[in-house]
Amino acid sequence: MLKDKPIPIPMSTSLTVFFIVFFPILACAETDSLQAKYFSIGFKKAGICFGNSTVYTGLRFNLMNKKVRTLNGFDLTLLDLDEDDNRTSNGISIGIVGKMQAQNNGLSIGGFMNAAERQNGIMLAAVMGGGTRLNGVGVMGGMMTDIVNGLAISAFLSDNRYIRDSAQNVVNGVALSLFIANIGEVRGMTVAACNLSILHKGLAIGGINRTSRLKGVQIGLYNIALNNPRGFRRLPFINMHFGK
């Protein structure tokens with residue numbers, strides 16, 4: 001268990017914009033009792049669907065997803081609001097404006113944002129995305145997630161500390177960030193203009209690399225490994241530590 005507190009960095013502008021723009025929509029949706037009314041070509045729960053079916057297999061088109069349980073196949077919606085902790089999408093799921101759901105197995109695409117408790121597969125978002133656990137590949141403007149098992153590509157990568165208290169993220173794999181990769185624990189490789197971590201086991205490549213505990217190699221203009229002996233904690237170009 002990591003005892004160090006994550007290194008604070010400013011909240012991203014895109015996240016602030018999201019809450020300002022979409023909070024009224026989300027607030028109104030909470031009081032809206034959207035019913036499961038839909039039109040199906042084929043069977044009641046399979047075929048081609050237009051509307052808010054809670055369980056469906058096939059091609060599904062809807063304006064707003066709400067109180068959905070299981071979708072299998074292709075789902076296209078304007079806005080996806082998840083209220084059910086057991087909500088699962090299997091296949092291709094697209095939210096033109098944004099997506100919020102419990103679990104997605106396959107390809108998940110969100111316009112402004114894309115959030116999921118668990119994503120198994122590929123997760124894409126134009127501006128902001130993340131969630132609790134990503135198993136696979138995530139590509140988005142800004143990413144806030146607790147656990148990444150695979151590949152994360154973003155301009156800004158951090159944990160969910162701005163959404164809930166005591167968040168701590170872990171990357172098992174590769175994280176590529178244009179500006180900042182602010183990660184609690186890394187087991188793999190990070191590449192960013194600025195790599196910040198509490199524990200880094202592997203390789204860090206960037207302009208500035210800083211970690212409290214290094215077990216691996218840092219390559220960059222300025223490298224900080226606070227568990228190294230005095231005189232070797234701050235070095236230009238390359239730093240390393242392979243002990244305990």
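Start in the middle: select Met 143, Val 148 and Ile 183, the residues with the most contacts inside the largest nonpolar core, which has 15 residues. A nonpolar core here is a set of buried Ala, Val, Leu, Ile, Met, Phe, Trp, Tyr and Cys residues joined through side-chain atoms within 4.5 Å. Buried means under 20% relative accessible area, exposed means over 50%, and partly exposed is in between, with a 1.4 Å probe and protein chains only. Strand 6 gives the largest share, nine residues.

Before moving on, a word on what you're looking at. This is a predicted model, where local features need pLDDT of at least 70 and side-chain atom pairs count only at pLDDT 80 or more, while totals for chains, interfaces and linings use all residues. Residues are numbered from 1 along each chain as its sequence is written, and side-chain values use heavy atoms, with hydrogens and water left out.

Next, zoom in on Ile 183. Which residues is it in contact with, leaving aside its neighbours within four places in sequence? Pick out Leu 157, Asn 169, Val 171, Ala 175, Thr 190, Leu 196, Ser 197 and Ile 198. Contact means heavy atoms within 4.5 Å. Then look for a second, separate core of five residues, including Met 113, Met 128, Met 144 and Phe 156.

Switch to cartoon view. You'll find an open sheet of eight strands in the order 1-2-3-4-5-6-7-8, with mixed pairing. Its edge strands are strand 1 (38-43) and strand 8 (234-241), each pairing on one side only. Strands are DSSP runs (E, at least two residues), numbered from the N terminus, and two of them pair if DSSP finds at least two bridges between them.

Walk across a few neighbours:

- Strand 2 (residues 46-51) and strand 3 (residues 55-65) are parallel, with five bridges; show Phe 50 and you'll see Phe 61 of strand 3 opposite.
- Strand 3 also runs parallel to strand 4 (residues 70-80), joined by ten bridges; here Leu 59 faces Phe 74 in strand 4.
- Strand 4 pairs in the parallel sense with strand 5 (residues 88-110), again over ten bridges; Phe 74 has Ile 92 of strand 5 opposite.

Strand 3, strand 4 and strand 5 each give two or more residues to the lining.

**Three single residues**

Stay in strand 5 and click Asn 104. Is it buried or exposed? Asn 104 counts as buried because its relative accessibility is 0%. Its contacts beyond four places in sequence are Ser 89, Gly 91, Ser 93, Arg 118, Gln 119 and Asn 120.

Now find Lys 67 in the loop between strand 3 and strand 4. Its phi is positive, about 60°, although it is not a glycine. Most residues other than glycine have a negative phi. At 39% relative accessibility, Lys 67 counts as partly exposed.

Finish at Phe 237 in strand 8. Its phi is also positive, near 70°, and at 58% relative accessibility Phe 237 counts as exposed.

Notes:
Helix = DSSP H or I, 4+ residues; strand = E, 2+ residues; numbered from the N terminus.
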